[in-house]
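Visitor: Please show me the structure, and let us then discuss it by question and answer.

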Amino acid sequence: VGTVISHQKISDLVGNFSEPLENLDEFGGAAVSLGDLDGAGPSVVAVAVGAAGDDDGGTDRGAVYVLFLDATGNTLSYQKISSTQGNFTALLHSADQFGSSVASLGDLDGAGPSVAALAVGATGDDDGGLSHGAVYVLFLASTGKVLSYQKISDTQGNFLAPLLLADEFGGACANLGDLDGPGPSVAALAVGAIGDEDGGPDRGATYVLFLASTGNVLSYQKISDTQGNFAEPLENVDEFGGALIGLGDLDGSGPSVAALAVGAVGDDDGGTGRGAIYILFLSS
């Protein structure tokens with residue numbers, strides 16, 4: 001049980017993926033399912049794949065591919081989203097690393113024109129300062145093209161947290177669903193910032209962003225060594241927030257409304273850099 005029956009690789013050479021990848025594109029650095037994005041179209045599922053080293057428009061500006069897959073895992077078609085493709089009109093810069101992380105937000109705008117929203121991290125974004133980081137909320141058509149977007153950064157998206165030098169906000173993202181229930185937000189998005197220095201250098205942090213249907217931030221909660229009622233003492237270079245995944249209502253009828261797994265690759269329990277995962281039980 002749990003062994004591989006078969007597999008399909010998708011790369012520069014196989015999987016019917018016809019895009020010419022280049023050296024150090026880092027295709028596959030992040031990936032998430034978008035469900036049956038094309039509806040009655042030929043694919044059975046669409047997958048968003050990050051390539052933070054893509055050089056469209058400039059060095060390491062980054063890209064995301066939306067791959068439309070058949071039941072065998074082969075690529076039927078794809079849409080690239082980058083500084084020059086996919087109807088994405090944001091001004092990316094060299095070393096932004098757009099595609100550092102991806103998270104599906106479902107049909108965020110409800111009756112609006114998009115069929116799905118995708119959160120995309122850009123750890124090298126310099127809004128407000130060097131490598132403060134950013135997250136883009138992309139509203140997608142069924143073709144995978146961008147209909148509109150909302151940037152969330154130190155200076156945009158109604159995000160009021162003060163990011164700092166090399167925080168790398170956006171290095172990980174995870175959908176937490178409608179965390180506040182009947183509250184004003186339509187979805188909550190967890191975003192990692194491994195370079196955050198609450199309590200000490202690179203201890204890391206995770207932000208829970210409560211989003212409007214437009215992708216703007218209505219409110220947020222920071223979870224770090226000093227904030228968010230997180231009692232575990234982090235240490236320097238733990239990089240808490242390096243990986244994130246929503247676990248749903250893990251404790252069922254217990255007091256939390258959702259659980260979030262948070263990676264800390266620099267944790268030294270048992271030895272240097274052995275790493276750790278925290279399971280956080282969240283309130284609404």
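Visitor: By class, how many residues in the lining of the largest pocket are charged?
Guide: This is a predicted model. Its largest pocket has a lining with eight nonpolar and five polar residues. The number of charged residues in that lining is therefore none, with Gly counted among the polar residues.

Visitor: Which element gives the largest share of the lining of the largest pocket?
Guide: The pocket has a volume of about 270 Å³. Of its 13 lining residues, the closest to the centre are Ile-223, Gly-228, Phe-281, Leu-282 and Ser-283. Two or more lining residues come from each of β11 (205-211), β12 (217-223) and β15 (276-282). The largest share, three residues, belongs to β15.

Visitor: Which strands are the edge strands of the open sheet of four strands?
Guide: The sheet is antiparallel, in the order β1-β2-β3-β4. Its neighbouring strands are turned by 25 degrees against each other on average, direction ignored. An edge strand pairs on one side only, and the two that do so are β1 (27-35) and β4 (75-82).

Visitor: Which residue of β3 is the bridge partner of Gly-50?
Guide: Strand β2 (residues 45-51) pairs with strand β3 (residues 63-69) in the antiparallel sense, over seven bridges. Within β3, the partner of Gly-50 is Val-64.

Visitor: Which residue in the turn of the hairpin formed by β7 and β8 has a positive phi?
Guide: Strands β7 (residues 134-140) and β8 (residues 146-152) run antiparallel and are joined by six bridges, with Val-137 opposite Gln-150. Five residues lie between the two strands. In that turn, the residue with a positive phi, of about 95 degrees, is Gly-144.

Key. Residues are numbered from 1 along each chain as its sequence is written. This is a predicted model: local features need pLDDT of at least 70, side-chain atom pairs count only at pLDDT 80 or more; totals for chains, interfaces and linings use all residues. Side-chain values use heavy atoms; hydrogens and water are left out. Two strands pair if DSSP finds at least two bridges between them. Axes are lines fitted to C-alpha atoms, for helices over the stretch in contact, and angles run from 0 to 180 degrees between N-to-C directions. On a 1 Å grid over the protein atoms alone, a cavity is a set of points where a 1.4 Å probe fits but cannot get out, and a pocket is an open set with protein on both sides within 12 Å along at least five of seven lines; lining residues have an atom within 4 Å of a point. Grid points are joined across faces, edges and corners, and a volume is the space filled by probe spheres set on the points.
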